[in-house]
Amino acid sequence: KETPYLRVTPSMLKNMTGRKGKDAWMVLGGRVYNITPYIPFHPGGEPELLKGAGRDGTKLFGEIHPWVNYEGMLAACLVGIYVSEEDGEA
Ligand code: HEM
């Protein structure tokens, strides 16, 4: 059976900045991850990590450390797939 991934839209993502009591979500490679549990472990520190929060961090991530295996590291933090506003849940 297919896994029913949550479809995350730009409007669902934009407030998930890790600030104001919200979790931090980040898009990487078309998938949305909840990076909140990883914040204390990020070697580059919290402010750097949160630069990619609430948005698509794919480009920024790739500019800094393309060798980092985020898919493996964040497998348990997968929220869903990133889709356009029109393709989101009703
Ligand atoms: C290291 C920034 C997202 C994992 C670093 C460093 C920076 C940085 C500046 C260098 C720290 C140093 O050497 O002093 C960012 C930014 C991100 C981001 C701006 C947002 C787009 C992530 C994510 C993960 C991650 C999502 C893991 C899933 C790592 C690891 C290192 C690192 C493992 C050490 C890499 C090494 O030394 O080879 N990050 N990071 N980062 N970051 Fe990130």
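A pocket here is an open set of grid points, on a 1 Å grid over the protein atoms alone, with protein on both sides within 12 Å along at least five of seven lines. With that in mind, welcome to the tour; the model on your screen is a predicted one.

**Stop 1: the ligand**

Select the ligand first. The space that the ligand takes up is the largest pocket. Now show the residues around the ligand: there are 18 of them, and Tyr38, His42, Glu48, His65 and Trp67 come nearest.

Which kinds of residue make up this shell? Color it by residue type and you will find 13 nonpolar residues, 4 polar ones and 1 charged one.

Next, zoom in on some polar atoms. His42 places a polar side-chain atom 2.8 Å from a nitrogen atom of the ligand. Turn to His65, where a polar side-chain atom is 2.9 Å from a ligand nitrogen atom. For Trp67, look instead for an oxygen atom of the ligand, which lies 2.8 Å from a polar side-chain atom of that residue.

**Stop 2: the elements around the ligand**

Select strand 2 (25-28), helix 2 (46-50), helix 3 (58-64) and helix 4 (70-73): each of them supplies at least two residues of the shell. Which element gives the largest share of the shell? Helix 3 does, with 3 residues.

**Stop 3**

Strand 2 and strand 3 run antiparallel and are joined by 4 bridges. To see one pair, select Leu28 together with Arg31, its bridge partner in strand 3. The two strands form a hairpin with 2 residues between them, and in the turn Gly29 has a positive phi of about 55 degrees.

Select Gly30 as well, in the loop between strand 2 and strand 3.

Strand 4 pairs with strand 2 in the parallel sense, over 2 bridges. Here Val27 stands opposite Asp56.

**Stop 4**

Go to strand 1 and select strand 5 (residues 78-82) with it. The two run parallel and are joined by 3 bridges.

**Stop 3: Lys20**

Finish by selecting Lys20, in the loop between helix 1 (10-13) and strand 2. Is Lys20 buried or exposed? Lys20 counts as exposed because its relative accessibility is 85%, and the cut-off for exposed is over 50%.

Check its backbone too: Lys20 has a positive phi of about 55 degrees although it is not a glycine. Most residues other than glycine have a negative phi.

Terms used. Residues are numbered from 1 along each chain as its sequence is written. This is a predicted model: local features need pLDDT of at least 70, side-chain atom pairs count only at pLDDT 80 or more; totals for chains, interfaces and linings use all residues. Side-chain values use heavy atoms; hydrogens and water are left out. A residue is near a molecule or strand if one of its heavy atoms lies within 4 Å of it. A polar contact is a pair of N or O atoms within 3.5 Å; within protein, one must be able to donate a hydrogen and the other to accept it, and residues adjacent in sequence count only if both atoms are side-chain atoms. On a 1 Å grid over the protein atoms alone, a cavity is a set of points where a 1.4 Å probe fits but cannot get out, and a pocket is an open set with protein on both sides within 12 Å along at least five of seven lines; lining residues have an atom within 4 Å of a point. A molecule sits in a cavity or pocket if more than half of its atoms lie within 2 Å of its grid points. Ala, Val, Leu, Ile, Met, Phe, Trp, Tyr, Cys and Pro count as nonpolar, Asp, Glu, Lys and Arg as charged, and the others, Gly among them, as polar. Buried means under 20% relative accessible area, exposed over 50%, partly exposed in between (1.4 Å probe, protein chains only). Two strands pair if DSSP finds at least two bridges between them.
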